[in-house]
Amino acid sequence: DKKGQIIISKEECSMDADDLMMTALDAGAEDFSEEEDCYQVITDPDEFSKVREALEQAGILGGLPVDGGILWCATEKATKAAMDQAIAIVKEVLAQ
């Protein structure tokens, strides 16, 4: 099954974990978990945008801070060749 995943850094999140969970679940998230350094929100792919937008309206932006500002996460099951091709495309875009 394909799932949407939103990762929220605890360090960057000012919202209480329970409030964050309720915001995500009320918006249509399927699951919420608290990890050591982040919160993880799981959605149906069709609900991903709705949940992301609800979190953004609450002042919560998904993602982890990284140099350059981009965190790209590929969780789709694919062949190594397909993943290598995706990585090459991202490297090409970032080099421009």
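Q: Where do Glu56 and Arg52 lie, and how many residues apart are they?
A: In this predicted model, both residues are in helix H2, which covers residues 48–57.

Q: What makes the contact of Glu56 with Arg52 a salt bridge?
A: The closest N and O atoms of Glu56 and Arg52 are 2.9 Å apart. The cut-off is within 4 Å, between a side-chain nitrogen of Lys or Arg and a carboxyl oxygen of Asp or Glu, so this pair counts as a salt bridge.

Q: How do you know that Glu53 and Arg52 meet in a salt bridge?
A: The N to O distance for Glu53 and Arg52 is 3.9 Å. That value is within 4 Å, and therefore the pair meets the rule.

Q: Which residues are linked in a network of salt bridges?
A: They are Arg52, Glu53 and Glu56. Arg52 pairs with Glu53 and also with Glu56.

Q: Why are Arg52, Glu53 and Glu56 called partly exposed?
A: Arg52 has a relative accessible area of 30%, Glu53 has 39% and Glu56 has 36%. Buried requires under 20% and exposed over 50%, so these values fall in between.

Q: What makes Lys50 and Glu47 a salt bridge?
A: Their side chains meet at 3.9 Å, N to O. This is within 4 Å, so the contact qualifies. Lys50 is partly exposed at 48% relative accessibility, and Glu47 is partly exposed at 27%.

Q: How many salt bridges does the count come to by this rule?
A: The count is 5. Among them are Lys50 with Glu47 and Glu56 with Arg52.

Q: How many aromatic pairs does the structure hold, and why is the pair of Phe32 and Tyr39 called stacked?
A: There is 1 aromatic pair. The ring centres of Phe32 and Tyr39 are 5.6 Å apart, which is within the 6.5 Å cut-off, so the rings pair. Their planes are at 25°, and planes under 30 degrees apart count as stacked, so the pair is stacked.

Q: How do you know whether Phe32 and Tyr39 are buried or exposed?
A: Phe32 has a relative accessible area of 13%, and Tyr39 has 8% relative accessibility. Buried means under 20%, so both residues count as buried.

Key:
Residues are numbered from 1 along each chain as its sequence is written. This is a predicted model: local features need pLDDT of at least 70, side-chain atom pairs count only at pLDDT 80 or more; totals for chains, interfaces and linings use all residues. Side-chain values use heavy atoms; hydrogens and water are left out. Rings of Phe, Tyr and Trp (its six-membered ring) pair if their centres lie within 6.5 Å; planes under 30 degrees apart count as stacked, over 60 as edge-to-face and the rest as tilted. Buried means under 20% relative accessible area, exposed over 50%, partly exposed in between (1.4 Å probe, protein chains only). Helices (H or I, at least four residues) and strands (E, at least two) are DSSP runs, numbered from the N terminus.
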